[in-house]
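Here is a short briefing on a metal site and its surroundings. Please keep the structure open while reading.

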Amino acid sequence: MELGGDAIEKLIKAGDIARRTIEYGKGLIRPGRSAREICETVEKYIYDLGGMPAFPCNLSVDHVAAHYTPGLRDDVVLREDSVVKLDIGVSVDGYIADTAVTIDLSGMHEKLLEASKAALDSVVSKIRPGISLYEIGKIIESTVRRHGYKVIRNLTGHNISRYTVHAGLSIPNYPDRALFYKRLKPGMQVAIEPFATNGKGLVKDGSIVNIYSYTGRRPKIKLNDDEEKLLKVVVERYYTLPFTPRWLRKDFDVDKLDNLVKSLEAKGSLHGYPILEEAAKGLVSQFEHTIVILKDEVLVITCKDCRDTS
Ligand code: MN
Ligand code: MN
């Protein structure tokens with residue numbers, strides 16, 4: 001992969017907007033607030049700073065590890081003791097930054113947060129061109145375990161390419177021997193995201209699906225006029241980046257939207273991302289940064305002071 005032209009500049013801009021949005025978003029996370037209030041404010045903030053959300057604002061609470069964004073009808077209200085993951089993506093012309101923090105509203109789960117935070121910090125300090133994915137996983141799992149928690153084995157970091165948040169390479173949060181010789185090379189852009197839990201260390205699909213993306217495939221079965229219109233809007237506005245039906249409620253009949261996205265999914269043109277719940281309903285923490293590997297430099301684009309020396 002080449003990162004020529006103004007790609008690096010756009011990545012740095014996306015990272016800067018993402019970092020500032022996370023700082024701003026943290027201040028909105030309070031007991032009694034709803035996920036919809038927070039996410040809509042956060043998404044607007046990204047536009048105000050000159051980016052666009054690379055995926056819907058994810059506000060996953062307690063045992064929900066990932067992929068919750070408020071739907072057209074469902075919402076989550078934060079409680080005094082909620083453990084809240086704010087995970088956001090910013091796109092600048094398709095160049096993406098992906099970053100997350102966890103907020104512990106009761107202050108009772110500091111160690112759980114510290115486990116995933118320390119794992120991320122450790123990778124950030126040791127990552128370099130040529131590091132193997134095995135070694136990254138080893139750093140993450142050993143750090144989380146040292147804090148007394150488990151990693152979530154079926155949630156991984158990933159590489160990122162233009163207009164694609166998960167570009168095909170998974171970076172496990174445990175040492176996978178099959179990846180002993182799989183190394184990070186200059187030009188690669190990766191998101192590192194350790195998850196820690198006091199549960200089983202696995203997630204499974206939940207029943208809520210509020211995030212979708214265009215698969216890039218024309219449907220096998222003919223679309224009706226409404227489906228045709230929805231797909232056109234999605235491709236024009238978001239292309240292959242994930243979106244949520246909440247973003248389309250001004251343009252479509254809200255009563256029809258749920259069924260429209262579901263039928264486009266059934267016809268193969270949209271892919272749905274169910275919420276991911278810890279298998280034993282354990283509490284989950286997550287921290288994430290996006291990192292660009294260059295020939296003799298590493299850029300943590302979503303963090304200003306993470307790596308002053310490089
Ligand atoms: Mn993320
Ligand atoms: Mn990610």
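The model is predicted.

**Manganese site**
- The protein donors of the manganese ion (ligand 2) are D98 (OD), H158 (NE2), E193 (OE) and E288 (OE).
- These donors lie 2.1 to 2.2 Å from the ion.
- Their spacing in sequence reads D-x59-H-x34-E-x94-E.
- H158 sits in strand β6 (residues 156-159) and E193 in the loop between β8 (189-192) and β9 (195-197), so this pair ties together parts that are 35 residues apart in sequence.
- The manganese ion (ligand 1) is 3.2 Å from the manganese ion (ligand 2). D98 coordinates both ions.

**E193 and its surroundings**
- E193 and H158 are both buried.
- Their side chains are joined by a polar contact of 3.0 Å.
- E193 has no salt bridge, although it is buried. The nearest side chain of opposite charge is K85, 11 Å away.
- Beyond its neighbours within four places in sequence, E193 is in contact with D87, D98, T156, G157, H158, N173, Q286, F287 and E288.

**Domains**
- The protein is divided into domain 1 (5-205 + 281-300) and domain 2 (207-274).
- The domain centres, taken over C-alpha atoms, are 25 Å apart.
- Contacts between them involve 24 residues of domain 1 and 22 residues of domain 2.

Notes: Residues are numbered from 1 along each chain as its sequence is written. Chains are lettered from A and ligands numbered from 1 in the order in which they are written. This is a predicted model: local features need pLDDT of at least 70, side-chain atom pairs count only at pLDDT 80 or more; totals for chains, interfaces and linings use all residues. Side-chain values use heavy atoms; hydrogens and water are left out. Donors are N, O and S atoms within 2.8 Å of the metal (3.2 Å for Na, K and Ca); water is not among the atoms, so sites may look incomplete. Helices (H or I, at least four residues) and strands (E, at least two) are DSSP runs, numbered from the N terminus. Buried means under 20% relative accessible area, exposed over 50%, partly exposed in between (1.4 Å probe, protein chains only). Lys and Arg count as positive and Asp and Glu as negative; His and the chain ends are not counted. A salt bridge is a side-chain nitrogen of Lys or Arg within 4 Å of a carboxyl oxygen of Asp or Glu. A polar contact is a pair of N or O atoms within 3.5 Å; within protein, one must be able to donate a hydrogen and the other to accept it, and residues adjacent in sequence count only if both atoms are side-chain atoms. Contact means heavy atoms within 4.5 Å. Domain bounds come from an automatic or database domain assignment.
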